[in-house]
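Dear colleague,

Please find the structure below for your records.

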Amino acid sequence: MNTATLSQAFLILLRRDLTLAYRRRSEMINPLLFFILVTALFPLGIGADPALLREVGPGIIWVAALLAALLSLETIFRSDFDDGSLEQLLLSPHPLSILMIAKVFAHWLITGLPLLIVAPLLGVLLDLPGDAITTLLITLALGTPVLSLIGTIGVALTVGLRKGGMILSLLVLPLYIPVLIFAANAVATSGAGLPIDAHLSMLTALLLLAVSLSPVATAAALRISLS
Amino acid sequence: MLKFFHRMASPKYFYQFAGKLIPWLGVACLGFLLVGLYDGLVLAPTDYQQGDSYRIMFVHVPAAWMSMFIYIVMAGAGAIGLIWHIKLAEVIAISSAHIGASFTFLALVTGSIWGKPMWGAWWVWDARLTSELILLFLYLGVIALYNAVEDKRAAARATSILALVGVVNIPIIHYSVEWWNTLHQGPTVTKFGAPSITIDMLIPLLLMAVAFKLFYATVVLMRARCEILQRERNSGWVRELVRASQ
Amino acid sequence: MNEFFHMGGYAFYVWTSYGLALLVLLANVLSPILLKKKLLSQLARREQRAGRS
């Protein structure tokens with residue numbers, strides 16, 4: 001048997017996860033529906049005054065995105081854990097942290113990217129101006145990968161637990177706060193017609209930090225959880 | 001020195017050594033606490049701006065310092081446990097979590113009580129209070145994870161990773177909350193000026209801070225001893241200890 | 001003395017804070033003491049059972 005190089009292993013894992021996700025398309029829809037539904041609940045709760053919605057809209061959409069990301073997190077390792085392929089992954093000769101990036105990337109393509117596609121629709125529902133919707137897309141593109149990367153650490157820590165879901169939100173949500181602050185504020189700021197360079201560079205910095213550190217933590221956490 | 005550390009790594013030796021150390025630490029803590037309280041409540045002058053309400057500072061500020069200090073100790077001990085597989089470091093890390101959470105809670109509540117006469121509201125989304133609230137959630141996450149994992153060795157290692165992730169994130173969270181706060185600062189907050197600290201106020205503050213540090217040292221050793229008893233329950237020296245205590 | 005307890009009108013805030021601090025400190029001291037007692041008695045019972053059988 002010939003062993004795959006690291007980049008081959010990366011691509012194989014990525015393709016495998018995407019194929020598996022494609023076979024379970026309906027599961028992909030749930031977080032998306034949740035995202036839309038939560039956002040639609042707010043006008044019903046606080047009133048449909050357009051000026052009010054425009055003011056709180058960025059925060060609402062981002063909080064909903066946070067919760068949708070959280071909801072979809074658990075699926076990243078669940079089937080792999082159930083059928084034992086996660087343990088196979090641990091035995092791979094390649095660095096586990098790099099393989100984790102492949103898993104997170106696949107997971108983001110499945111659950112993060114769809115959020116970007118429906119986000120403009122939600123922006124319109126909450127009466128956000130055009131600039132703000134563009135910014136919303138940029139912040140989602142920069143921010144949701146961070147959510148996936150950080151969240152995966154939490155999933156890796158709780159993967160074998162029965163009541164993992166509740167604990168996962170307690171572990172992960174506090175760590176999501178910086179993303180929420182910078183992203184929601186960027187959308188609000190651009191809605192007011194002000195520059196958002198600082199916000200975007202902060203989000204980029206968070207993304208780079210998360211890409212470089214969180215796979216290492218995820219790999220270490222997985223080894224402990226499955227030991 | 002090296003020999004000392006080597007012996008400390010043995011749970012039995014640590015258990016006995018900590019048992020001898022605890023009374024001394026406790027007495028020292030009590031001494032600092034009493035002097036600090038007397039100095040802070042009686043000797044320190046009334047603040048010309050805040051009146052006597054500023055005296056809450058003598059418990060609030062040391063508690064807030066401890067909440068961060070203990071998190072760093074917890075993450076540091078966790079890292080040592082993860083890298084060198086020292087069980088004792090794991091024990092210290094997990095014993096710190098409950099104490100840290102209680103200090104964070106104390107800092108939050110006293111901050112809120114201090115805020116009532118100063119800001120006119122029990123809760124204000126002030127940057128420091130908000131960070132402290134998030135810190136409390138981080139502590140609770142660590143405790144919840146430890147309780148949820150059944151194998152306690154794996155639990156200690158998992159919480160060590162979580163504490164390390166948290167310690168990387170705390171500066172980022174703190175910075176982002178501060179930045180958020182400057183944007184959303186309400187008009188009430190400007191009423192609050194930090195008391196211009198004079199030496200009469202600084203001395204009791206430092207005394208109380210030392211007392212809290214000693215308190216942490218005392219209590220973490222007490223907790224660590226319990227944790228060790230639990231982990232080593234099947235070893236010979238614990239059984240001997242139990243037989244002797246009957 | 002009365003003036004000391006009055007705290008310049010802030011008595012309620014100051015003394016609740018200090019009272020809570022005392023409670024938190026006491027709880028931190030008591031919980032390991034109680035835990036240790038419980039553990040030791042648990043282990044002692046196990047020891048007795050092992051001795052009898």
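The radius of gyration used here is taken over C-alpha atoms, and the globule rule is 2.2 Å times the number of residues to the power 0.38. By that rule, a compact globule of 227 residues would have a radius of gyration near 17 Å, and chain A, with 18 Å, agrees.

Please note that this is a predicted model, in which local features need pLDDT of at least 70 and side-chain atom pairs count only at pLDDT 80 or more, while totals for chains, interfaces and linings use all residues. Residues are numbered from 1 along each chain as its sequence is written, and chains are lettered from A and ligands numbered from 1 in the order in which they are written.

Chain A

Chain A has 9 helices and 0 strands; helices (H or I, at least four residues) and strands (E, at least two) are DSSP runs, numbered from the N terminus. Along the principal axes, the C-alpha atoms of chain A fill a box of roughly 65 × 35 × 30 Å. Among contacts in chain A with a separation of 6 or more, 81% join residues 24 or more positions apart; two residues are in contact if their C-beta atoms, placed from the backbone, lie within 7 Å.

Between the chains

Of the 2 pairs of chains that touch, chains B and C have the most contacts. Chain A and chain C share no contact, and their closest C-alpha atoms lie 23 Å apart.

Helix α8 (residues 164-191) of chain A packs against helix α5 (residues 127-148) of chain B at an angle of about 155°, with the axes 9 Å apart. Axes are lines fitted to C-alpha atoms, for helices over the stretch in contact, and angles run from 0 to 180 degrees between N-to-C directions. The pair α8(A) and α5(B) is therefore roughly antiparallel (an angle over 145 degrees). Residues that meet here include L170(A) and P174(A) in α8(A), and F137(B) and G141(B) in α5(B). The residues of this contact divide into 12 nonpolar, 1 polar and no charged; Ala, Val, Leu, Ile, Met, Phe, Trp, Tyr, Cys and Pro count as nonpolar, Asp, Glu, Lys and Arg as charged, and the others, Gly among them, as polar.

A residue in chain B

A217(B) belongs to helix α7 (residues 199-231) of chain B. With 16 other C-beta atoms within 10 Å, A217(B) is partly exposed. Its C-alpha atom is separated by 11 Å from that of P23(B), 194 residues apart along the chain.

Yours sincerely

How values were computed: Buried ≥ 20, exposed ≤ 12 C-beta atoms within 10 Å, placed from the backbone. Parallel < 35°, antiparallel > 145°, perpendicular 65-115°, else oblique.
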